[in-house]
Amino acid sequence: RQAAATFVMVAVAAFLITADRPRLAWAAAFSGGWGAVIALVGFYTASYNRGGEIAEFPFLSALLAVLIAAPLFQTIRDEGRPALPYARLHNYVWSDAIIGAASLAFTGLTFLLFLLVSEMFRAIGIDALRDLLDTGWFAWLLAGGAFGAASATLRTREALLTTLQRLVTLVTAILAPALAAALVLFLLALPVTGFAGLWRSGLPETPMLLAAAAFAFALLNAIIGESPDDRRPGALWRLTEAGLSLAILPLGVLALVSMMMRVDQYGWTPERIWGVVACLVAIVYGLANVAAWARARARFDEPLRDYQKWLAVGLSATALLLALPIVDFGAVSARSQLARLETGRVAPDRFDWAAMAFDFGPAGRRALERIATLGPDDQRRLASRALQSRARYAVREDVALAEAEAGLDRRVRIATPGLALDDRLRLHLARSGRCAAPQHCTLVAIDQGRVGVISVPAKGGQATAEVIDVAGLPADRGIAVAPAVDGVDLAKVADPHGARIEVRAVTRRQIFVDGQPVGRPFE
């Protein structure tokens with residue numbers, strides 16, 4: 001269902017953005033083809049991991065591929081042949097971005113207005129509109145209608161679209177010198193303040209550096225325009241162009257260094273592989289800028305436009321290639337994490353069992369199955385719990401329970417011959433923490449079906465006791481712990497290992513109100 005919805009969404013959105021009166025069949029073929037490709041990528045992505053989530057990195061990479069491919073297609077369509085004149089391509093990139101952003105803004109405004117109207121009617125006792133908004137199909141219908149109406153209106157109002165494009169260019173032109181100065185000062189100050197501070201800042205440095213490089217790329221293209229005639233005269237703009245274009249490479253290199261430090265510390269994961277890919281893209285674009293400056297100096301923009309045209313083609317193809325199930329990032333990550341576990345770089349209780357079960361695909365689950373069958377005792381138990389977990393968030397709890405259950409055999413003393421520490425009782429003790437270190441427990445049979453649990457600190461001290469109805473304990477690991485039947489503080493115990501445990505019948509006196517006991521026994 002997610003893949004089918006993705007096909008409809010991508011195909012319709014792509015057609016709305018790329019359709020034009022001449023060659024409508026081209027736009028239909030482009031939109032339908034990309035919709036099918038991304039739907040298949042989404043289907044594979046959702047079935048790759050146990051969570052059934054479609055919006056993972058491969059799916060997002062495929063969306064990036066179609067976003068880049070759209071202006072390339074529009075340019076070739078207008079040319080009627082495989083040609084990419086930069087001026088037309090530049091114009092389509094900006095117009096598509098403005099139409100998409102404005103249509104999303106109009107969609108949000110439409111929802112706000114509908115919500116306002118529905119609340120007005122709700123205030124006088126008419127809930128039909130609010131109930132309709134809470135219905136999933138209507139919300140999607142409203143969003144699609146608003147987005148389609150806005151994009152169609154903007155596409156057919158060339159004068160309005162041109163005005164919006166000029167407004168965006170003006171705003172970016174105001175921001176460009178400020179960003180260029182900030183990036184230059186940052187890069188000059190970094191060797192003085194020390195690189196270690198960047199890694200210890202607590203901020204996600206790799207996304208931050210990549211975002212700065214992306215903004216520098218966008219603002220640079222805004223101020224150099226589609227031809228040399230669009231460049232603004234003056235030393236300020238030459239310095240701005242130099243600062244933005246030459247800052248992308250060091251920002252990409254710093255982001256890559258930061259990412260590789262994380263890989264060295266924590267091993268590969270699919271997210272880190274995608275992060276490295278993003279860093280390499282930034283570095284390639286940075287090298288293109290440096291090459292353009294080396295080739296043409298002050299007229300660097302002329303070769304840069306040609307470079308960027310073909311870099312866009314390459315980036316779209318690369319994004320699509322990485323989205324396809326050709327290279328299994330999960331298998332690479334599983335091998336990396338297993339190597340860290342086997343060499344002792346990470347302890348079993350610190351190992352990310354949830355990622356192996358839910359994030360690394362079939363390779364991660366196969367690795368868990370091998371560990372559960374052939375691994376050391378402690379790892380077999382933890383791998384089995386991770387495989388049995390029904391949701392990613394539950395793995396941590398299940399693994400913690402497995403660790404707690406494993407320690408019970410060392411800390412539990414059976415005082416009644418023939419009494420067994422069965423699975424239900426074991427699960428209850430692990431969840432309740434009664435026998436967690438440094439506690440020691442003694443189990444004694446009360447009667448048929450009931451067990452007394454006496455908990456004493458390892459070196460002696462105040463003890464507690466509870467009586468458990470074993471038959472009433474839940475066997476399902478997903479159900480909360482059943483409460484104890486009774487709990488009474490006991491006197492201090494000097495020797496928890498050698499203490500005599502017995503069950504006695506006692507007579508007590510206590511106050512009753514309407515047949516119910518009140519307060520503690522006084523005799």
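**Close-up views of a predicted model**

**View 1. Helix α2 spans residues 24-48.** Helix α2 contains 25 residues and reaches 36 Å from its first C-alpha to its last, close to the 36 Å expected at 1.5 Å a residue; the expected span is 1.5 Å times one less than the number of residues. Helices (H or I, at least four residues) and strands (E, at least two) are DSSP runs, numbered from the N terminus. The model is predicted: local features need pLDDT of at least 70 and side-chain atom pairs pLDDT 80 or more, whereas totals for chains, interfaces and linings use all residues. Residues are numbered from 1 along each chain as its sequence is written, and side-chain values use heavy atoms, without hydrogens and water.

**View 2. The buried residues of α2 pack against α1 (2-18), α3 (57-79), α12 (301-323), α13 (329-342) and α15 (361-374).** Among these buried residues are Phe30, Trp34, Ile38, Val41 and Tyr48. Buried means under 20% relative accessible area (1.4 Å probe, protein chains only).

**View 3. The largest nonpolar core has 35 residues.** Such a core is a set of buried Ala, Val, Leu, Ile, Met, Phe, Trp, Tyr and Cys residues joined through side-chain atoms within 4.5 Å. Leu183, Leu244, Leu251 and Phe300 have the most contacts inside this core. Helices α7 (158-193), α9 (205-224), α10 (235-266) and α11 (270-296) each supply at least two of its residues; the largest share, eleven residues, comes from α10.

**View 4. Leu183 touches Ala212, Ala216, Leu244, Ala247 and Leu251.** Residues up to four places away in sequence are not counted, and contact means heavy atoms within 4.5 Å.

Terms used
Buried < 20%, exposed > 50% of the residue type's maximum accessible area, 1.4 Å probe, protein only.
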